[in-house]
Amino acid sequence: MSGGATPMMAQYLALRGEAGDCLLFYRMGDFFELFFDDARQASQILDIALTTRGEHLGQPIPMCGVPVHSAESYLARLIKAGCRVAIAEQVETPAEAKQRGGSKALVARDIVRFVTAGTLTEEALLEPRRANVLAAVCEMRGLVGIAACDISTGRMELEECAPDRLGAALARLGASEIVAPEGWEAMPEGAIARPARGFASDSGEARLKAIHGVATLDGFGLFTRTMLAAAGGLVAYLEHVGRGSLPLLLPPEARAGNAALAMDAATRASLEILEAAQGGRKGSLIDAIDRCVTGAGARQLAEDLSAPLTGAHAIAERLELVAWLHEDGLLRESLRAALRALPDLGRALGRVVAGRGSPRDLGQLRDGLAGARALHDRLGGRGDLPLLLARLLPALAGHGALVDRYDRALVPAPPTERGQGGFIAEGYDAALDELRRIAGNARRAIAALEAKYRDQTGVATLKIKHNNVLGYFVEVPARHADKLMAPDSGFSHRQTMAGAMRFNALALHAEASRITEAGAHALAAEDAHFEELVTMAIAARQAIAQTAAALARIDVAAGQAERAAEGGWARPEIRDEPCLAIEGGRHPVVEAALAAAGERFVANDCRLAPEDRLWLIGGPNMGGKSTFLRQNALIVLLAQAGGFVPAQAATIGLVDRLFSRVGASDNLARGRSTFMVEMVETAAILSQATERSFVILDEVGRGTSTYDGLALAWAVAEAVHETNRCRCLFATHYHELARLAETCEALSLHHVRAREWKGDLVLLHELADGPADRSYGLAVARLAGVPAKVIARARAVLEKLEKGRAQTGGLAAGLGDLPLFAAAFEAREEACDGLRERLRGLDLDALSPREALDMLYELKREAGTDP
């Protein structure tokens, strides 16, 4: 390539224009090549050599490449780095190109698909225990529609929410990729802009009807126009990345906005539900409780924890199944062993329907459905089945004809590639068996020919070999070539190699033709059978998906029962009233970490009720306040997700929204300090928490000056008590807040215990009633390794400050005279109303200038502004 654009470069540049903001993988033989800026970017991410190839417009062309056979691993790294990739394949063979345009015709190429974070189906690119969600969002008539699907399994959900709830909904979904209409001012951060015309409710409805072959969507649920608009955008994007072909999409489900316990992104991050604060799964809640034996079960558990239920009946059904398996350890063990042996049915189905399936995927469908039937037969004979399991059981059967066909058609362990054949079982197709016999006989004939040619020529090292260029040929060392070069030898020269020569022979050519012809016909026959078997799976996709979902739900229940048995967890009692009574509660993650270190977790009780709904908790840092707050929030979450909880006993009043304001970090990228983040999160709590919510607050106000911080903490505590009236645990270092107990009847004081022993601080991690007597700040600083001189100086400063506080009444001087939160505004309003009455009663025309001035002074004194 030099000078102007060559035909190949012109083809590449045209495809590059279609690829947009994606990297372009351009197929050249056995490699995907990248050029120009794509090559520079990919070479850095993949750590592969950057080279040049020819010139374009007088400049060397940067390039790099990856082998086609190992492209998946490179794609995985690019996707993880945030890239999107367009795959340009050869869409005709060199022979077809030659027939089309002559010997110099360029092989046609086209983008066959886009590989993006939310549209992966390849097994190597997906995490087995985590769903891969693609979401589409749009706004219509003041509401936001959300369409979400995991195309690796086909599950699709539609919902709508108020614009201020979009962040919480997206945090629940944890989407790998979000698409939104271009030009939308409220587009979520990081979303991919797509043409707005795709986000239309009528086209969304029409697309869904066409996909599922129905005249109306009413059978699937009630969908609003906003939901259908989002669905239209989602399907339009899937058509774009699939270049017109769609992946597996199951009938959409409508998600009610109040069906799940609402948690915003800050709460999810604070509680470390699916990901630890430092990143990754280790140290998270799911890592501490996941005992699922299948990838599908682990993905279902993650969804349960992301969206705990708010309906008492549905929670009770899950708990009943967990309890049933918890009580029968032998059944649980055998059930988990059977589940462990099953393949990932849902994802195998997803690859098959998306057109990326392999014979191995069909084998997984066969084995998974057969295993599901065996579970059905094992459990179906029992008379004590929990309601949820009885409802799931029919989905485990009903695939007899499909399994029987796959049993007869497929070998026991089908290969991952279909191109080489060998996956259709012997006896399934007599014609195929005959073609294989012919090819096998021909191979034996070639072996006989090799022995014959050795005897005929006297060359013991003569061999018959095969490659894709020459086909079958005879090879001898160069020193023996003269015997085969003789005119009457029956051999014809094909190729000269270093140290060897290659020949052909009429008999060899005849046998090779037989092999090639029979092999090609056999491959074509196997390919036809493969398509037939795929068609059967596609026709049964909804029933197979239901089986996969049932297996996942059973695995979750068995895993929850296993975790409860190994940790001594209790079945929570769910009530429809604002209470929370936890006896001997523990933090599952902290307890597991301590157990690994050979230490014991100190359990604590928590009892909240309408008459005692706000606990103010003091005590030293490292004393366990934050752990206590989080463990109670996690116990609520686990209970409403339908699992046992780490406690001796627990009664959970249903929670509609869960808020956690525990810890914050600077968000410098968005220009927010720790204090700003804290205030934004606190504002969300005060504006959204209801009487049925549960809130945990830790050290509100610590990020600003002492006076500002105390004032804010005081006002927030009063607002939670008087206005939100929710269940709340409020940890603080401000001892002055203890005075709130005098005026807030539903507030009680508690502290984590600590003692100083021979100059050392002993943290007991026990919760006790009453206010904390001191902060032990200097003792904690000494534990942290602060130099002794600094500690001594701090003690001197502290003594001076405490002496001044005793003389002046301290920070809280006068706070006892403040009216309560609501009363403060009423008092101000009453005072203001008194002034209004005085002003209304004045006859301004009758006042002399002197009288008017005297009146102004009097009103100013009444308003409290007289200097």
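Is strand E8 (residues 143-150) largely enclosed by the rest of the structure or left open, and why? In this predicted model, residues are numbered from 1 along each chain as its sequence is written, and local features need pLDDT of at least 70, side-chain atom pairs count only at pLDDT 80 or more, and totals for chains, interfaces and linings use all residues. Side-chain values use heavy atoms, with hydrogens and water left out. Strand E8 is largely enclosed by the rest of the structure because 7 of its 8 residues are buried. Here buried means under 20% relative accessible area, exposed means over 50%, and partly exposed lies in between, with a 1.4 Å probe and protein chains only. Helices (H or I, at least four residues) and strands (E, at least two) are DSSP runs, numbered from the N terminus.

Two strands pair if DSSP finds at least two bridges between them. E7 and E8 run antiparallel and are joined by 7 bridges; the two strands form a hairpin with 2 residues between them, and Arg141 in the turn has a positive phi of about 55°. E8 is also joined by 7 bridges to strand E9 (residues 155-161), again in an antiparallel arrangement. Ile146 has Glu159 as its bridge partner in E9. The hairpin of E8 and E9 has 4 residues between the strands, and Gly154 in its turn has a positive phi of about 90°.

Within strand E7 (residues 134-140) lies Cys138, which stands opposite Gly145 in E8. Cys138 counts as buried because its relative accessibility is 3%. Contact means heavy atoms within 4.5 Å. When neighbours within four places in sequence are left aside, Cys138 is in contact with residues including Leu143, Val144, Pro181, Trp184 and Phe199. Cys138 and Ala180 are 42 residues apart in sequence, yet their C-alpha atoms are 5.9 Å apart in space.

Elsewhere, an open sheet of 6 strands has the order E3-E4-E2-E1-E5-E6, with mixed pairing. Its edge strands are E3 (51-56) and E6 (109-115), each of which pairs on one side only. Neighbouring strands of this sheet are turned by 35° against each other on average, direction ignored. Axes are lines fitted to C-alpha atoms, for helices over the stretch in contact, and angles run from 0 to 180 degrees between N-to-C directions. Strands E2 (residues 31-35) and E4 (residues 59-67) pair in the antiparallel sense over 5 bridges, and Phe32 has Val66 as its bridge partner in E4. Helix H2 (residues 36-46) packs on the sheet, touching E1 (23-28), E2, E3 and E4, and its direction makes about 45° with that of E4. E1 pairs with E5 (residues 85-90) in the parallel sense over 4 bridges, with Phe25 opposite Ile87 in E5. E5 and E6, by contrast, pair in the antiparallel sense over 6 bridges, and Val85 stands opposite Val115 in E6.

E22 and E23 (residues 694-698) run parallel and are joined by 4 bridges, with Phe659 opposite Val695 in E23.

The axes of helix H10 (residues 295-306) and helix H20 (residues 541-567) come within 8 Å and cross at roughly 75°. That angle makes H10 roughly perpendicular to H20; angles of 65 to 115 degrees count as roughly perpendicular, under 35 as roughly parallel, over 145 as roughly antiparallel and the rest as oblique. Residues of H10 including Leu301 and Asp304 meet residues of H20, among them Arg553 and Val556.

A nonpolar core is a set of buried Ala, Val, Leu, Ile, Met, Phe, Trp, Tyr and Cys residues joined through side-chain atoms within 4.5 Å. The largest such core has 106 residues, and Leu305, Leu325 and Phe694 are among those with the most contacts inside it. H20 provides the largest share of this core, 11 residues.
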